[in-house]
Amino acid sequence: MGRTPAKTVEAIRMEAACRALESSTLPLKAICIKIGYAEEQTLRRVFLRNFGVNPLQYRARFSERAGPVRAP
């Protein structure tokens with residue numbers, strides 16, 4: 001696959017976190033536990049490194065409940 005086992009696990013966790021943030025209103029702590037992180041800070045750091053935004057910013061942009069982005 002061209003990446004280390006640790007990077008593969010991180011990618012799987014990020015995919016699961018993204019899905020949970022987009023489709024649920026679960027608190028961040030519950031999402032962390034669900035995907036295998038003990039601390040919210042760990043998820044925040046990994047999100048920033050991978051996407052350039054924190055998990056709540058990601059949810060605000062991509063949540064199914066956020067609705068379409070409207071032009072001014």
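In which helix is Arg-61 found? In this predicted model, Arg-61 lies in helix H4, which spans residues 55-62.

The chain contains four helices and zero strands, and its elements follow the pattern α-α-α-α along the sequence. Of its 72 residues, 29% count as buried. The accessible surface of the chain amounts to about 5,000 Å², and carbon and sulfur atoms account for 57% of that area. Among contacts between residues at least 6 apart in sequence, 52% join residues at least 24 apart.

Helix H1 (residues 5-23) packs against helix H2 (residues 28-35) at an angle of about 145°, and the two axes are 10 Å apart. The crossing of H1 and H2 is right-handed. On the H1 side, the contact is made by Arg-13, Ala-16, Ala-17, Ala-20 and Leu-21, while H2 contributes Leu-28, Ile-31 and Ile-35. By class, the contact of H1 with H2 comprises seven nonpolar residues, no polar residues and one charged residue.

Four aromatic pairs are found in a search of the whole structure. In one of them, the ring centres of Phe-51 and Tyr-58 are 5.9 Å apart; the planes meet at 40°, so the pair is classed as tilted. Phe-51 is partly exposed, with a relative accessibility of 38%. Tyr-58 is buried, because its relative accessible area of 9% falls under 20%. Tyr-58 also forms a tilted aromatic pair with Phe-62, with 4.7 Å from centre to centre and 40° between the planes. Tyr-58 and Phe-62 are four residues apart in helix H4, which means that about one helical turn separates them. At 46% relative accessibility, Phe-62 counts as partly exposed. Phe-47, Phe-51, Tyr-58 and Phe-62 together form one aromatic cluster.

The C-alpha atoms of Arg-61 and Leu-21 are 10.0 Å apart in space, although the two residues are 40 residues apart in sequence. Ser-63 is placed in the segment after H4. Ser-63 counts as buried, at 12% relative accessibility. Leaving aside residues up to four places away in sequence, Ser-63 touches Leu-21, Glu-22 and Tyr-58. Of these, Leu-21 also takes part in the contact of H1 with H2, and Tyr-58 belongs to the aromatic cluster.

Note on methods. Residues numbered from 1 in each chain as written. Predicted model: local features only at pLDDT ≥ 70, side-chain atom pairs only at ≥ 80, totals over all residues. Heavy atoms only, no water. Helix = DSSP H or I, 4+ residues; strand = E, 2+ residues; numbered from the N terminus. Buried < 20%, exposed > 50% of the residue type's maximum accessible area, 1.4 Å probe, protein only. Contact = heavy atoms within 4.5 Å. Areas by Shrake-Rupley, 256 points an atom, 1.4 Å probe, with all protein chains shown as cover. Axes fitted to C-alpha atoms, helices over the stretch in contact; angles between N-to-C directions. Left-handed = near helix turned anticlockwise from the far one by under 90°. Nonpolar A, V, L, I, M, F, W, Y, C, P; charged D, E, K, R; others polar. Phe/Tyr/Trp six-rings, centres within 6.5 Å; stacked < 30°, edge-to-face > 60°.
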